[in-house]
Amino acid sequence: MIVVAILIPFIAAMFIPLLHKYFPKIHVGWFALTIPVLLFVGFISYAPALANGEIQSYTIHWIPSYGINFTAILDGLSMIFVLLISGIGSLVILYSIYYLSEKESLRHFYIYLLLFMGSMLGVVLSDNMMVLYVFWELTSISSFLLIAFWYHRKKSRYGAQKSLLITVSGGISMLVGFLMLFSMTGTFSIRETIASVDLIVGQPLFIPAMVLILLGAFTKSAQFPFHIWLPDAMEAPTPVSAYLHSATMVKAGIYLVARFTPIFAMGEAWFWIITIIGLMTLFWGSFTAIRQTDLKALLAYSTISQLGLVMSLLGMGSIALQLGYRTEMVLYSQATFAALFHLVNHSTFKGALFMVVGIVDLQVGTRDIRRLGGLMSILPITFTIALIGSFSMAGLPPFNGFLSKEMFFAAVLQIGSLDLFSWDAIGVVFPVVAWTASVFTFVYCMIIVFKTFLGQYKGEKVQKQDIEPPVGMLIAPSVLGLLVIGIFLFPNVIGTYLLKPAMVNIYPGLADQLADHYTISAWHGFKPELWMTIGVIGIGILVYKLLKHWKGVYRLFPDQWSLDALYNHTLTHLENSSEKLTRSYMTGYLRGYLMYIYIFFIAVVGGVALFSGAISFDLSTDADIGVYEWIFVCIMLVAGIAILFAKSRLTAVLLNSVLGFSIAFFFVLFRAPDLALTQTIIETVTTALFLLCFYFLPEWKKEHITPMSKMLQIGISIATGLIFILIGLSVKSGRLFDSISNYFENAFELAGGNNIVNAILGDFRAFDTMLEVVVLFIAGIGVYALIKFKGEKRQDYEDQ
Amino acid sequence: METLIIILAGVLVAVATYLILSKHILRIILGTAILSHAVHLLLMTMGGLKRGSTPILAENKVAYTDALPQALILTAIVISFAVTAFILVLAYRLYRKTGSDNLDALRGMDDE
């Protein structure tokens with residue numbers, strides 16, 4: 001069932017175009033809606049079994065020889081995510097049915113969306129790292145397609161490219177991290193890796209693998225400084241933003257961190273990296289959100305900061321594993337519990353808020369805060385949902401955000417008082433940063449509510465008729481809004497059925513110790529965290545009131561110093577410099593390329609031969625030199641060098657044939673009659689050919705090259721010749737074993753011929769001869785074709 | 001003897017390299033021809049020189065010269081001839097089409 005669940009969306013995506021074609025009257029979204037609803041119902045039926053600690057798993061063999069198998073495991077941690085994916089997926093598809101008009105390319109939209117849903121299910125259900133990676137990249141690709149859904153817009157294409165580049169580079173580094181883990185443990189299965197965690201800790205590859213896997217998680221979850229793709233991804237249609245960039249895909253990194261906590265949390269670096277990056281993201285996201293004027297961009301930055309919050313909580317919770325099994329451990333692991341709880345909460349209220357912004361966008365025609373205002377009386381239901389979502393995000397009762405924010409403060413205080421640090425003061429940083437970020441969060445939540453729905457109605461700046469949208473569009477955000485309140489009222493339903501089983505996955509082997517400690521209560525009395533929340537509200541209202549006076553702060557950071565500018569600059573710079581580099585050596589001059597080849601030959605062959613001491617020769621075994629040899633050697637040397645100084649091409653070609661005929665004489669002297677014969681004939685024909693071409697070719701001109709280039713040419717030539725000589729001499733002196741030619745002296749017995757050379761050519765090694773004949777044949781055809789073929793003919797064919 | 005021939009072949013390689021690195025097509029073709037001469041000499045030398053009689057079986061011979069390099073060279077001679085002939089005709093076509101045999105002038109030609 002579980003593996004089937006992953007495959008269902010992929011199969012359904014294939015049928016979407018057919019359904020679209022054969023039922024043109026029905027909005028194709030209704031067909032797509034059945035899939036996540038089915039999945040949601042299916043998954044929820046496993047929840048009671050999971051609460052009792054039963055885990056569903058199923059394996060399909062994919063590439064067993066590499067240990068890559070399609071293993072799907074449904075445990076507590078996966079359960080949270082699959083319910084989010086299928087549940088919010090259903091609501092988003094329902095919303096999109098009303099949001100997207102029939103004019104849009106609906107087929108593509110739902111195919112991409114189902115593709116994404118399937119891959120996301122694959123990510124959270126896969127136990128095998130390689131399969132997880134495959135689905136991980138599929139989510140990147142489908143997200144890319146969805147962001148660029150309106151591909152005729154330049155901004156959409158830019159945002160899609162940016163998100164793809166950042167998430168895929170993170171994905172690749174994650175893959176390398178997985179491979180490092182594999183080299184340490186020998187298994188791709190996450191569960192088996194957790195079981196053999198003692199093998200890994202302290203190995204040299206432990207930290208690199210951890211950093212690389214975290215890179216993957218941080219890029220996907222838009223952590224600082226990789227958060228820059230998320231605001232640009234807001235060019236996607238609003239349902240996509242609600243689904244991918246608030247509830248599911250950006251949580252994939254969170255899932256990865258939670259899943260790998262039992263493996264890496266033994267090292268202290270894990271705690272520090274994740275907590276610090278998370279807090280930085282939390283602070284920076286909430287701070288930047290306030291300056292946005294576009295509602296979706298504001299929500300994007302708020303998503304970034306909330307993800308940072310969850311990430312930092314996961315980091316803090318991991319300290320519990322490091323401290324070992326003590327009673328305090330329960331206290332520290334509360335942070336992880338808060339993280340999971342906030343993850344669920346964030347998905348509910350952020351999805352609702354995105355849908356609200358989509359409704360405002362459709363009904364009013366703009367998302368610009370400066371043009372909006374006073375929509376409360378016009379869109380009352382939408383306003384109510386926005387209010388619920390924003391106040392929950394700000395952490396106010398009676399909404400679920402309040403609960404997780406309280407738990408967050410509690411965890412931060414707990415960690416702050418931990419004596420892990422070289423001096424106590426540093427522990428204070430955690431609560432201070434968290435509290436400040438919460439103030440900023442409160443401020444931008446107020447902006448969403450008050451600037452959009454309250455204040456003056458600016459009728460002259462907006463174009464559309466302002467009325468409530470159709471009921472169908474309001475269903476999904478209303479359901480999410482009700483969930484926000486429902487979770488506040490009955491938090492322990494989620495706590496018992498979803499979060500506790502997941503805690504067991506993050507802290508393996510501690511199920512019995514931890515079980516009773518995690519209850520969520522709205523009221524724990526006047527604890528410090530409550531005072532912190534009251535402080536947030538008080539200071540937050542003050543800051544919001546004074547917003548006009550301190551907005552100038554944002555102008556202190558000029559745009560050219562932002563991370564976006566850095567990204568753009570890097571991209572253009574990379575392209576330009578690689579183009580420059582390529583142009584610098586790809587000159588188009590054949591001569592230059594030949595020089596590279598020769599220089600490489602000289603450097604590599606000569607260098608290796610010299611450094612390995614291969615150059616050594618003794619001349620004692622040489623045969624003696626007769627008078628004829630001396631004569632012909634002198635002739636060839638003179639002829640060879642004279643070619644370089646030839647004034648006319650006739651001289652050059654004749655000198656070349658002198659060389660050829662001298663070699664034929666050498667063949668005679670070296671007792672090779674067949675060779676001498678062949679060489680004589682071939683040399684004659686070649687010379688004739690050269691002379692024949694003269695009639696058509698231009699005169700032998702003097703070369704005009706710069707002295708510098710000429711020196712280089714001479715240098716390369718002499719070096720090549722020298723290396724040739726040295727290697728030839730070394731090879732000649734270093735005979736390792738005797739020749740095999742004695743065997744060929746049985747030519748008469750074996751092949752029935754007296755001429756050994758001919759027996760080799762025609763019998764022992766006849767394949768060479770056959771193919772050499774083919775070479776001649778091809779060359780003949782080529783020559784014939786080149787002479788006969790008139791390139792101008794082709795135009796006539798085109799005319800016909 | 002072998003040393004002398006190898007040095008000779010080395011000089012030929014240097015000459016051929018110089019010609020191959022020039023700008024005019026005819027020089028380059030000559031360079032490749034000379035390069036193959038040098039390689040044939042080297043092959044011949046590697047089998048050892050003057051170590052026995054002609055490799056044709058007869059009654060009163062004791063040792064034969066190594067026949068294998070000879071067979072290899074024979075193949076190589078024919079192949080290099082085929083290539084040289086082809087390049088020559090190619091150069092002829094090129095000159096007919098472009099009116100130049102200077103490689104620098106032929107840079108960046110788009111094939112139609």
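**Figure 1. Salt bridges in the predicted model.** The structure holds 6 salt bridges over all chains. A salt bridge here is a side-chain nitrogen of Lys or Arg within 4 Å of a carboxyl oxygen of Asp or Glu. Side chains of opposite charge can pair when their charged atoms come close. This is a predicted model, in which local features need pLDDT of at least 70, side-chain atom pairs count only at pLDDT 80 or more, and totals for chains, interfaces and linings use all residues. Residues are numbered from 1 along each chain as its sequence is written, chains are lettered from A and ligands numbered from 1 in the order in which they are written, and side-chain values use heavy atoms, with hydrogens and water left out.

**Figure 2. A:Asp232 pairs with A:Lys162.** The closest N and O atoms of this salt bridge are 2.6 Å apart. A:Asp232 lies in helix α11 (residues 229-232) of chain A and A:Lys162 in helix α7 (residues 154-185) of chain A, so the bridge ties together parts 70 residues apart in sequence. Helices are DSSP runs (H or I, at least four residues), numbered from the N terminus. A:Lys162 is buried, at 0% relative accessible area. Buried means under 20%, exposed over 50%, and partly exposed in between (1.4 Å probe, protein chains only).

**Figure 3. A:Asp294 pairs with A:Arg367.** Their closest N and O atoms are 3.1 Å apart. A:Asp294 sits in the loop between α14 (268-289) and α15 (295-317) of chain A, and A:Arg367 in the loop between α17 (328-364) and α18 (380-394) of chain A. The two are 73 residues apart. A:Asp294 is partly exposed, with a relative accessible area of 21%.

**Figure 4. A:Glu579 pairs with A:Arg583.** Here the closest N and O atoms are 3.6 Å apart. Both residues belong to helix α26 (residues 563-585) of chain A; they are 4 residues apart, so about one helical turn separates them. A:Glu579 is partly exposed at 42% relative accessibility. A:Arg583 is exposed at 62%.

**Figure 5. Chain A meets chain B.** The contact (heavy atoms within 4.5 Å) takes 101 residues from chain A and 79 residues from chain B. About 8500 Å² is buried between the chains, with 75% from carbon and sulfur atoms. Buried area is the accessible area (1.4 Å probe) that two parts lose on being put together, summed over both. A:Phe670, A:Arg671 and A:Phe724 supply 8% of the area that chain A buries against chain B, more than any other three residues. Across this interface there are 0 salt bridges.
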